[in-house]
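Hi there,

Here is the structure I promised to send over. Please have a look at it first, and then read my notes below.

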Amino acid sequence: MLSLLGLVGGLLLLIWLTIRGMNLFIAAPLCALLVALTSGLPVFTGESNFVETYMQGFTGFIGAWFFMFLLGSLFGKFMEDTGAADAVARWIVNKLGMQHAVAAVVLACAILTYGGVSVFVVAFSVYPMALSLFKDADLPRRFIPAALAFGSVTFTMTSAGSPEIQNWIPIKYLGTSPFAAWEVSLVVAIFMASFGFWWLRRMIAKAKANGERFEAKPEDPSIPDRDYPHPVTGLIPLLVVLVLSFTFHEALAQMALIVALGGGVLSLMLINFKHFHNLNGAISQGTTGALVAIGNTAAVVGFGTIAKSTAAFAGAVEVMTQLPGNELIGAAVAVSVIAGLTGSASGGQAIALPLIGPHYLDQGVDPEQLHRIVSISSGALDSLPHNGYVVTTIRAICNETHQRAYWAVGALTVVIPLIGLVLAVALFNFF
């Protein structure tokens, strides 16, 4: 019981401290220490002590993702410094009108995500253009993280055919394909995209009616008046990233992102080299931004590693994976709760599927239906305030605070997927 109270209390405390804006390098280890102490984990000695377990999660994430964060951050900074992001934004506004600025951001994220680019990298890549679009359209900048997240981690990330890992993990355990239950997936994706976009537009319109406008910040890129590059030169590098990621995804898996981003950075430098305002400054800001972003995310991953090592977590997983009643509902609840506890969609699947997969398949559950439910449910409660992607996007990339930006993010990445999950379960059970 004490372990369970510590686990829940540590998670709630981390969420509260994150929303309050506390430095995650302090908040995450402190909350993880609370979880460890209440679970009887030794702090310094023993085989699975707190320090070693936390740092395994911390350094493991950095080891796996450092080059992606570095290249993604450099790509975004180069888009800013060359003026390519502004050029693309101005072209979109001139062609489509300012009223479609939000749609352009969401669509850009959706295309890159469905093309296989990691959601972390998508945020780095699209943010410069989003900032310019919101500035030109005079929209409240606190909604930029919501627009980025909505286009990346909702209707594209967990849909049939998506090359994102959240749609591929179930294949290993269920023997399905990435297109499992595509008919229901299509209906749910269309619902999430349309309802979510309507809600996002409504939130922004309400904020503008209350007098909110775009506010410049000191850390925004300062580029003097000059000849901007042709907008095509900003779109080509994005296309290079998309094509290379899609081409090498199956052969290289996660490593394909290094190839894709490397190609994007090189193509951007070659095409727009003469338009750089301060190349050394862009490199310096990009590398520093990457370190801050990956450090914040790794700090939260370390908390999840401690949480997974406790007796309370093991007990919660056992309960969640043996819920009575409708099997699809049981799977949805299990994956959602575990993803919420770990702050990771892929983590929730990887922990739950080895247990619930054989259990429900033995009971005759359709593997394609189970695949789609597991995928969609993993992308809901994982987006609580302590989620690594959420922290990175709001704080490190968009330079916002959780207090200003998270509520819109939560509405679109937690509430919308939960409604979509209910719709999917209903369609599978009644049609």
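Predicted model: local features only at pLDDT ≥ 70, side-chain atom pairs only at ≥ 80, totals over all residues.

Helix H3 itself covers residues 50–81 and has a kink of about 60 degrees, centred on Trp65.

On the aromatic side, searching the whole structure gives 13 aromatic pairs. One of them joins Phe78 and Phe276: the ring centres are 5.2 Å apart and the planes stand at 85 degrees, so this pair is edge-to-face. It connects distant parts of the chain, since Phe78 sits in helix H3 and Phe276 in the loop between helix H11 (256–272) and helix H12 (279–308), 198 residues apart. Phe78 counts as buried because its relative accessibility is 2%, and Phe276, at 13%, counts as buried too. Phe276 also pairs edge-to-face with Phe273, at 6.1 Å centre to centre and with 70 degrees between the planes.

Finally, a look at the surface. Met1, Leu4, Leu5, Val8 and Leu12 make a nonpolar patch of about 530 Å². Of these, Leu12 belongs to helix H1 (residues 2–20), and its relative accessibility of 52% is why Leu12 counts as exposed.

Best wishes

Notes: Residues numbered from 1 in each chain as written. Heavy atoms only, no water. Bend = angle between axes of the 7 residues up to and from the residue. Helix = DSSP H or I, 4+ residues; strand = E, 2+ residues; numbered from the N terminus. Patch = residues over 30% accessible without salt bridge, like charges linked within 9 Å, V, L, I, M, F, W, Y side chains within 5 Å. Areas by Shrake-Rupley, 256 points an atom, 1.4 Å probe, with all protein chains shown as cover. Salt bridge = Lys/Arg side-chain N within 4 Å of Asp/Glu carboxyl O. Buried < 20%, exposed > 50% of the residue type's maximum accessible area, 1.4 Å probe, protein only. Phe/Tyr/Trp six-rings, centres within 6.5 Å; stacked < 30°, edge-to-face > 60°.
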